[in-house]
Amino acid sequence: MTMTRFDDPAADRFRADVSAWVAEAIPAEWRDGRQALGPDDVQRIQRSWDEALFEGGFAGLSWPEEYGGRGFGPIEELIYYEESSKANAPDGFGRIGRVLAGPTIIAAGTEQQKKKYLPRILDASEIWCQGFSEPGAGSDLAAVTTRAVKVDGGYRITGQKIWTSFAQYSTRCLMLAKSSTELPRHHNLSFFLLDMEQDGIDVRPIRQINGEQEFNEVFFTDVFVPDEDLIGGEHEGWAVAMTVLSNERGTTEAATRLVEATTEIDLLSSCCSLDKPHDAVRLQDRKELLRWHILRATEEKAAGEDWFTAGSVLKVQWSELIQDATRLGIDTRCPIHRDYWRHSYLASKAMSIYSGTNEIQRNIITDRVLKVAR
Amino acid sequence: MELREIQEVARTAGRFAVSTPLVATLLAGRWFELDQDVLDRGAVPIVRRDDRLVAPYYADGVAIVDGAGAVVESSGVEAAVFADLVPLALVPGEHPALDGERLAEARAVFAAVAVGCADIVLTRSIAWAQTRQQFGQPIKGFQAVRHMLADAHIAREQAWTAAIAAGHEAFRADVWAAQAFTLARRSIEFGIQVHGGVGYTWEVGLQHHLDQVLELDSLFGGDR
């Protein structure tokens with residue numbers, strides 16, 4: 001009933017281990033001169049960070065030990081994110097594999113799929129992307145129209161995906177596609193582990209309002225997936241996508257966002273031009289509240305509660321917190337950090353949109369948590 | 001009783017607007033070896049405010065106990081009306097007041113009462129949205145109303161997290177309690193808005209729950 005895990009001496013030892021490892025593992029050129037690095041150097045360091053995570057044993061913290069993970073819970077994960085953020089560790093390209101693809105395969109994959117894919121996710125020899133959203137299927141994700149047509153030995157995939165992060169580096173894609181035109185909604189989709197290194201795939205970067213090109217649109221034309229790369233039952237891809245994603249994404253994503261919030265709010269607190277320190281204190285308090293909310297959600301999940309009961313509240317909480325922080329950053333009108341705040345303010349605009357818009361989260365709360373029929 | 005258990009009881013007491021000093025009595029029972037007759041009468045934790053000691057509930061015959069549980073003051077106080085909760089028990093002088101760990105625990109527990117206040121208003125708001133008809137349909141069908149219910153839930157859940165955190169981090173229980181009261185209040189604000197003009201009437205009584213949160217905030221919300 002109590003949340004004492006954070007006070008656990010084992011958690012303190014783990015924190016010390018992580019902190020020592022991170023300090024050692026971060027490349028000096030990143031630690032001391034990140035601003036001077038060109039895009040190619042940044043890319044090279046991000047790739048090497050994926051490898052370092054694997055070698056250090058930090059790639060699969062919450063994965064079961066039988067699949068090469070450490071078998072830890074979300075608290076250790078949170079500690080890892082906090083310590084790596086404090087040390088300004090780089091972010092690798094393997095995140096989608098570690099956070100989404102791996103747990104999906106562990107939960108719904110065949111033994112063959114586990115043997116084949118999990119080791120390559122952990123050592124980052126394969127980079128994954130997520131083929132979910134489409135131009136016509138954003139908030140209404142179940143409306144995807146990318147077709148999966150059954151052929152001898154597998155499926156042929158044709159369609160367009162969008163907002164696909166890491167697609168340009170990926171060798172595999174978690175693909176949600178429409179496998180039946182007759183079956184009812186939510187029972188007409190299948191979930192595939194698609195090979196990105198074949199003809200018929202066209203990745204086009206999308207320039208964002210902050211000038212970055214983090215995500216892409218991806219066109220698939222008659223691309224083949226063999227039967228053995230179907231995950232979950234045929235036409236039951238929606239259930240796989242929803243249960244696995246809602247369960248696995250929540251704590252980890254909230255933990256990473258907590259770390260981002262910490263970065264922004266710490267800078268705010270020390271920002272030279274901040275004339276309203278009280279506002280920064282409030283944001284610090286809200287950030288601590290987010291941290292405790294993650295702990296509480298973790299505890300309730302361990303006690304058997306459905307993750308979505310807390311997941312939507314967390315999503316709204318972290319996105320609005322970071323947006324409020326970056327807004328205050330702009331309001332400081334700080335001459336030194338002006339460019340920084342402009343960039344992170346623009347970047348934060350995406351947060352109430354991705355991972356399910358905050359409006360969709362509020363729908364989920366009223367529909368599924370408060371159970372108010374429409 | 002474990003503090004977290006008292007918090008669960010406190011939340012339920014808040015939900016049903018239990019007007020007896022049940023919660024305070026549970027706390028007193030946790031802290032002191034009290035005589036049964038004191039417990040029977042109900043003990044009230046008190047906060048030092050300026051040179052006065054203030055208790056959160058009106059109770060006929062408030063007992064003020066010192067750190068060893070001995071009754072240092074036991075006197076009838078004037079009857080207070082429900083909407084006029086403060087000052088409830090004013091005792092000048094040097095009585096040992098609620099402070100340190102006990103004050104932190106009281107903050108955590110009364111923050112939980114405030115969450116219960118938000119619970120009942122949200123429950124009533126959902127029921128209202130399902131019954132009240134406008135434009136030929138129950139207002140629960142309108143997304144603007146549905147999102148206010150969601151926002152009330154979000155604030156209420158955050159308030160509960162803050163109350164739990166207050167029970168774990170005594171050194172900043174004042175900050176946690178202040179957050180819990182603010183968030184419980186915000187949750188109730190959404191509930192009043194869902195009720196429309198009806199929610200603004202004394203007869204419907206949402207203000208009792210809001211009053212209770214405001215009152216507890218002024219006693220246990222700290223100085224921030």
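Me: Which residues lie nearest the centre of the second largest pocket, and how many line it?

Reply: A:R286, B:Q179, B:T182, B:L183 and B:R186 lie nearest the centre, in a lining of 27 residues. A pocket here is an open set of points on a 1 Å grid over the protein atoms alone, where a 1.4 Å probe fits, with protein on both sides within 12 Å along at least five of seven lines, and lining residues have an atom within 4 Å of a point. This is a predicted model, in which local features need pLDDT of at least 70 and side-chain atom pairs count only at pLDDT 80 or more, while totals for chains, interfaces and linings use all residues. Residues are numbered from 1 along each chain as its sequence is written, chains are lettered from A in the order in which they are written, and side-chain values use heavy atoms, with hydrogens and water left out.

Me: Which elements give two or more residues to that lining?

Reply: Chain A supplies α8 (277-302) and α9 (308-331), and chain B supplies α5 (143-168) and α6 (173-195), the helices being DSSP runs of H or I with at least four residues, numbered from the N terminus. The largest share, 9 residues, comes from α8(A).

Me: And what is the volume of the second largest pocket?

Reply: The volume is about 680 Å³, taken as the space filled by probe spheres set on the grid points, which are joined across faces, edges and corners.

Me: Switching to the interface, how many residues of each chain are in contact?

Reply: Chain A brings 27 residues into contact with 31 residues of chain B, contact meaning heavy atoms within 4.5 Å. The area buried between the two chains is about 2600 Å², with carbon and sulfur atoms giving 62%; buried area is the accessible area (1.4 Å probe) that two parts lose on being put together, summed over both.

Me: How many salt bridges are there between chain A and chain B?

Reply: The count is 4, where a salt bridge needs a side-chain nitrogen of Lys or Arg within 4 Å of a carboxyl oxygen of Asp or Glu. One of them pairs B:E157 with A:R296, whose closest N and O atoms are 2.5 Å apart. On the side of chain A that touches chain B, two or more residues come from each of α8, α9 and α11 (358-369), and α8(A) gives the largest share, 9 residues.
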